[in-house]
Amino acid sequence: MKKQIIAFALGALTLLGASAQNTSKLTATKANEYGLIYTLPLTAFNVTIAAEKTVKTPGEFYQYAKKYLNADPILAPSVSWRIIEAAIEQTAFPDEQERYLVTLKNGSGAFVTVSDDNFPISLNDEAYRWSPVVNLPEAKKARPTILQLPIARQAVTPEMIQSKSSAKRAELAAAKIYELRNMRSEIISGQADAMPSDGAAMKLALDQIASQEEALTAMFLGTVQTSTEVRTYNVDIPAEGAPERRVLARLSMVDGLVAPDDLSGSPIYVTVSPQTRGALPVNDKGMTKSFPKGGVAYRIPGTGLVSVSFDGKTLVGGTYDVAQYGVVFGLDPSLFTSRKSPSYLHFNPLTGAIRELGTINK
């Protein structure tokens, strides 16, 4: 099946404008000899990995946490990473070997809408839009710990500042914690000497007490800070179409997401496996149909399983239509140039496959 390309037609196509989704409308007219050219896509994938960083820091008085608060503190500073989310997004790129000229004669005004990459989106239906939605992880910066906020300074008493003994400062901090707890109890029970004037004032006072207590407690137990790093990796379909597993990236417990060849981290694998192959349609006698002259080319894709794994567990995976596992066929162009009942066609611009074929009711 030979590609039907006419070089001069590339210059003859008329760009009629782009929609909000960056589509262009190409209309078959006498000026371009009723020929419209588009390019079928090939499939690729983006894998997005979200890794969470946890930083643990001991408090100033961690040695006294058990004595005064009967709690187990963070004993040493540490940094650790873990993968919390992964997502697969199907993408496409032009197949330069599959560029087609579609001949739509009879002055019917038939048209094709194409993407910025010249992938076909629709034929005779300008309203059709393709907008697959993938919820991708988002990066998050570390929030300041309670000890990095102004409330921490407010919680420190003058006696704590003046004391040069860490043991004495710890004792004073513990005393302040229990004092704040008693204040909260008195306000809630209505027994405080100076009760807040109304509900809003009470809430403000209780919030202030809670924040100061949290800051003083962190001086004993320590703080935990988390942030999220997000990176996206491109995954190509193996040219030979065989199953393939390769290292996408690595996760280091110290540095987070690192390159595939950085052996300081444990491997994150991506696996691409063919599941089915697209086949050309056959007639009633079981013989392969011929590509129609000037036909509307489309892809009959195969399917592939794409999965991402780490530490022996699958993070994300699914079965997707894959252009590389398919074949190209065509529809008779006369379907779309009938004056009484022309057809419309919706493509999947990620594979070039048909999503819907129907008749326009005029």
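Here are a few friendly exercises on this predicted model, each with a worked solution.

Residues are numbered from 1 along each chain as its sequence is written, and side-chain values use heavy atoms, leaving out hydrogens and water. Because the model is predicted, local features need pLDDT of at least 70 and side-chain atom pairs count only at pLDDT 80 or more, while totals for chains, interfaces and linings use all residues.

**Exercise 1. The whole chain**

Task: Describe the secondary structure and overall dimensions of the chain.

Solution:
- Step 1. The chain contains 6 helices and 13 strands. Both are DSSP runs numbered from the N terminus, with helices being H or I of at least four residues and strands being E of at least two.
- Step 2. Along the principal axes, the C-alpha atoms fill a box of roughly 95 × 55 × 40 Å.
- Step 3. The radius of gyration is 33 Å, whereas a compact globule of 362 residues would have one near 21 Å. This radius is taken over C-alpha atoms, and the globule rule is 2.2 Å times the number of residues to the power 0.38.
- Step 4. Of the 362 residues, 45% count as buried. Buried means under 20% relative accessible area, exposed means over 50%, and partly exposed lies in between (1.4 Å probe, protein chains only).

**Exercise 2. A salt bridge across the sequence**

Task: Which parts of the chain does the pair Arg299 and Asp95 link?

Solution:
- Step 1. Start with the total: the structure holds 10 salt bridges. Each is a side-chain nitrogen of Lys or Arg within 4 Å of a carboxyl oxygen of Asp or Glu.
- Step 2. In one of them, the side chains of Arg299 and Asp95 meet at 3.3 Å, N to O.
- Step 3. This pair links distant parts of the chain, with Arg299 in strand 10 (residues 296-310) and Asp95 in strand 3 (residues 78-103), 204 residues apart.
- Step 4. Arg299 and Asp95 are both buried.

**Exercise 3. Salt bridges within helices**

Task: How many residues apart are Lys168 and Glu171, and how many separate Lys203 and Asp207?

Solution:
- Step 1. Lys168 and Glu171 are 3 residues apart in helix 5 (residues 166-189), about one turn of the helix. Their closest N and O atoms are 3.9 Å apart.
- Step 2. Lys168 is partly exposed at 38% relative accessible area, and Glu171 is partly exposed at 39%.
- Step 3. Lys203 and Asp207 are separated by about one helical turn because they are 4 residues apart in helix 6 (residues 199-221). In this salt bridge the closest N and O atoms are 2.9 Å apart.
- Step 4. Lys203 counts as exposed at 54%, while Asp207 is partly exposed at 37%.

**Exercise 4. From hairpin to neighbouring strand**

Task: Trace the pairing of strand 5 with strand 4 and strand 12.

Solution:
- Step 1. Strand 4 (residues 111-114) and strand 5 (residues 120-123) pair in the antiparallel sense over 3 bridges. Two strands pair if DSSP finds at least two bridges between them.
- Step 2. These strands form a hairpin with 5 residues between them, and Asn118 in the turn has a positive phi of about 70°.
- Step 3. Val112 has Leu123 in strand 5 as its bridge partner.
- Step 4. On to strand 12 (residues 343-348): 2 bridges join strand 5 to this strand, and the two run antiparallel. Here Leu123 stands opposite Leu345.
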